[in-house]
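Colleague: I would like to go through a model and learn how to read its features. Please take the overall form before the details.

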Amino acid sequence: MSPAISILLIDDEQQLRQLTGRILKLEGFPVYEAGHLAEARKLLQTQSVDIVLCDVRLPDGNGVDFIPEIKKSNGEIEIVMLTAYGNIPDGIQAIRNGAYDYLVKGNDNDRLIPLLHRLQDQILLRRKLKHLEKRVAKKYSFDSIIGESPVIREVVALARKVASTDSTVLLTGETGTGKEVFAQAIHQAGGRNKQPFVAINCSAFGRDILESELFGHKAGAFTGANKDKKGLMEEAHLGTLFMDEIGEMPLDLQAKLLRVLETGEFIKVGDTKTIKVNIRLIAATHRDLTTEVKEGRFREDLFYRLNVFAIHLPSLRERQSDIPILANHFLLQLSNKTHSLAHTISPAFLQALQQYRWKGNIRELKNVIERAMILAPGDELLVDHLPPELKKTNPAEFSTNLADMEKRHIAHVLTLTKGNKTKAAEQLGIGLTTLYRKIEEYKLDETLSK
């Protein structure tokens, strides 16, 4: 299988260039050839090049001086200089200018091919890492927040505004409303997105373990502390620390957290040395911290430190129009996990979802969809696949209204995408075949053409 990288060979000695080119092609590398710098510039503008093999002395310039120009146009290109003369100053200057290596023609022939294969491995690894970074960025971006209701759009707009700052953010709302999703999106859209995002749920630990997890400890600080441990505060240095359910934090640890927010300093458990950190804090809670302060369970000074920019995430009951979009999103997302054949949702099923109170919010909705997909033997989720508590309303009472609502929603999305059915299907979270069936069923082509 041919390597996925290409080489530009620049050398004015035609016979030597052609011979080297043939050797590289036998190794499986796509090769472009140029006899001078002007020709090389044109090829760099029109072709995708990963490695440049360049002679030092060329008719229209010096290859060493050409390195910064290549790097300025594309910093990802790796450059190996080739020369017939073992000139040490040229070699040193080539490396300073950004070349990967400097080889002497003839003397270093045995080094060239292994060097190119090492470079190939590095380039392919770099591409893979970039691809993974893009996937992570997309997964945790604001685009991953599903919903078109005015209330969720307003919340996303607020979060986007604060993301570009270093301000502390307090996310409030019921359990299951997506607070960690918002925290991730804020981090990803901010200036610290290349640094760690570290999360901890304060309700998941007892007081002593929470202190050790957050601030770390010295060896011998307590029974079982056999070696020094770095806390999450240090792990999040220069990045973002997300503290979920901060309302559950013990009062004495609240004081220690307040010191970090005020001075950027803390002391490990069992230590005497101060550690400095630079973190952005995003906190979240389902509790009403104002009430917690009044009743003495939460420090007032810490509350004001946290409440710099508060965002309240709406419950699913407040954004019922998003339920069909979310349900179809989860249907697509969970298909591989559940191995389900289901790719559409019946109107009665959707109606039942919209009549339910959703105390567990989005998290509960996702669980219901996953359960239904496991139970569904065919290609559609039906009311029979819902848990008992969601079957209490009579679907027949709402079927007509639901059909009208579904029709209006599909028509709205088709209008937004200017009739592009592929994009509309993606936004609706349904298959293209299902969309065509719905368009025919509701005669939407006639409506859109008017």
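Modeller: We start with the whole chain and then turn to single residues. Keep in mind that this is a predicted model.

Colleague: What does the secondary structure of the protein come to?

Modeller: The protein has 20 helices and 18 strands. Its radius of gyration is 30 Å, well over the 22 Å that the globule rule gives for 450 residues, so the protein is more spread out than a compact globule. Along the principal axes, the C-alpha atoms fill a box of roughly 85 × 75 × 40 Å.

Colleague: Of the contacts between residues at least 6 apart in sequence, what share joins residues at least 24 apart?

Modeller: That share is 68%. As for burial, 46% of the 450 residues are buried. The protein exposes about 23,600 Å², with 51% of that area supplied by carbon and sulfur atoms.

Colleague: Is T434 buried or exposed?

Modeller: Buried means under 20% relative accessible area. T434 has 3%, so it counts as buried. This residue lies in helix α19, residues 432-442. Leaving aside residues up to four places away in sequence, T434 touches H343 and T344.

Colleague: And which residues form a nonpolar patch on the surface?

Modeller: L125, L129 and L132 do, with about 270 Å² of accessible area together. L132 is in helix α5, residues 109-139, and is partly exposed because its relative accessibility is 38%.

Colleague: How many disulfides does a search of the whole structure find?

Modeller: The search finds 0. Among the cysteines, C54 is buried at 1% relative accessibility, and C202 is buried at 1%.

Technical notes: Residues are numbered from 1 along each chain as its sequence is written. This is a predicted model: local features need pLDDT of at least 70, side-chain atom pairs count only at pLDDT 80 or more; totals for chains, interfaces and linings use all residues. Side-chain values use heavy atoms; hydrogens and water are left out. Helices (H or I, at least four residues) and strands (E, at least two) are DSSP runs, numbered from the N terminus. Buried means under 20% relative accessible area, exposed over 50%, partly exposed in between (1.4 Å probe, protein chains only). Contact means heavy atoms within 4.5 Å. Patches are made of residues with over 30% relative accessible area and no salt bridge: like charges are joined within 9 Å, nonpolar side chains (Val, Leu, Ile, Met, Phe, Trp, Tyr) within 5 Å. Accessible areas come from the Shrake-Rupley method with a 1.4 Å probe; for residues, only the protein chains shown count as cover. A salt bridge is a side-chain nitrogen of Lys or Arg within 4 Å of a carboxyl oxygen of Asp or Glu. A disulfide is a pair of cysteine sulfur atoms within 2.5 Å. The radius of gyration is taken over C-alpha atoms; the globule rule is 2.2 Å times the number of residues to the power 0.38.
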